[in-house]
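Here are my notes on this entry for someone opening it for the first time. Please keep the structure in view while reading.

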Amino acid sequence: MALRRRAAFVSLDRLTNLGLALASLTVGVLFWWYATETNLKLYVDFQNVPSPVKVLDAFIGHLGTSEFFIHIGVSMQRILIGYALATVLGILIGLAMGRSASIRAMIMPYIEIVRPIPAVAWIPLAILMWPTEESSIIYITFLGALFPIVLNTLHGVEQTPEVLVRAVQSLGASRWAVFRHVVIPAALPSIAAGLA
């Protein structure tokens with residue numbers, strides 16, 4: 001009985017939150033419509049902003065063309081290539097840095113120097129460094145994903161319980177077996193957080 005009441009409470013909470021979210025979005029769209037209809041000049045000059053109706057009409061118009069879906073496909077391809085490269089390189093670098101102090105000492109200074117630079121600041125350099133527009137876009141995506149993956153992987157490897165490592169070593173496991181069967185599984189939650 002108490003479980004049913006609690007489930008009803010949870011579903012009521014979810015409905016309330018969903019209602020609040022929809023009400024909030026409705027208020028935002030109505031303000032946008034009002035601001036564009038009256039050419040409101042607040043911090044933004046809404047005279048140059050298209051109304052929600054114009055945006056919706058343009059969106060529906062684009063859905064009818066194949067060019068729209070080609071552009072989406074090309075953008076997704078760029079994102080997936082950059083993300084895949086960052087995933088492979090980021091996990092490998094993070095694992096290597098987590099298990100070797102000398103590798104960490106060599107790579108960490110570069111990461112700490114480059115990581116704080118915003119992705120937007122890399123755009124001019126990416127245009128100069130890469131011969132095609134496609135390569136520079138993939139590079140920016142790669143940089144945006146690389147550092148969270150490396151640092152979360154490193155954190156996961158560092159958080160591996162030493163007791164587990166010693167227990168496996170006492171059973172005669174090699175360094176590779178410890179790495180494969182203890183360190184990587186223990187680091188997986190952090191790696192998944194970095195990938196997200």
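1. Now the span of helix 4.

2. A word on confidence. This is a predicted model. The mean pLDDT of the chain is 87, and 95% of the residues score at least 70. Among the elements, helix 3 has the highest mean pLDDT, at 93. Helix 1, residues 2-37, has the lowest, at 82.

3. Next, the core. The largest nonpolar core holds 26 residues. A86, M97, I111, Y139, F142, L143 and L146 have the most contacts inside it. Helix 3 (66-99), helix 4, helix 6 and helix 8 each give two or more residues to this core. Which of them gives the most? Helix 6 does, with 11 residues. As a general point, nonpolar side chains in soluble globular proteins tend to be buried together.

4. On to the rings. The count of aromatic pairs is six. One of them joins W122 and Y139 edge-to-face, with 6.1 Å centre to centre and 80° between the planes. This pair links distant parts of the chain, 17 residues apart. W122 sits in the loop between helix 4 and helix 5 (123-129), while Y139 belongs to helix 6 (residues 133-158). Both W122 and Y139 are buried.

5. W176 and F179 form a tilted pair: the centres are 5.9 Å apart, and the planes make an angle of 35°. Both residues lie in helix 8 (residues 175-195), three residues apart, or about one turn of the helix. An α-helix has 3.6 residues a turn, so residues three or four places apart point the same way.

6. Are W176 and F179 buried or exposed? They differ. W176 has a relative accessible area of 54%, and over 50% counts as exposed, so W176 is exposed. F179 has a relative accessibility of 17%, and under 20% counts as buried, so F179 is buried.

7. One more group of rings deserves a look. F59, F68 and F69 are linked into a cluster by ring pairs.

Note on methods:
Residues numbered from 1 in each chain as written. Heavy atoms only, no water. Phe/Tyr/Trp six-rings, centres within 6.5 Å; stacked < 30°, edge-to-face > 60°. Helix = DSSP H or I, 4+ residues; strand = E, 2+ residues; numbered from the N terminus. Buried < 20%, exposed > 50% of the residue type's maximum accessible area, 1.4 Å probe, protein only. Core = buried A, V, L, I, M, F, W, Y, C linked by side-chain atoms within 4.5 Å. pLDDT = per-residue confidence, 0-100.
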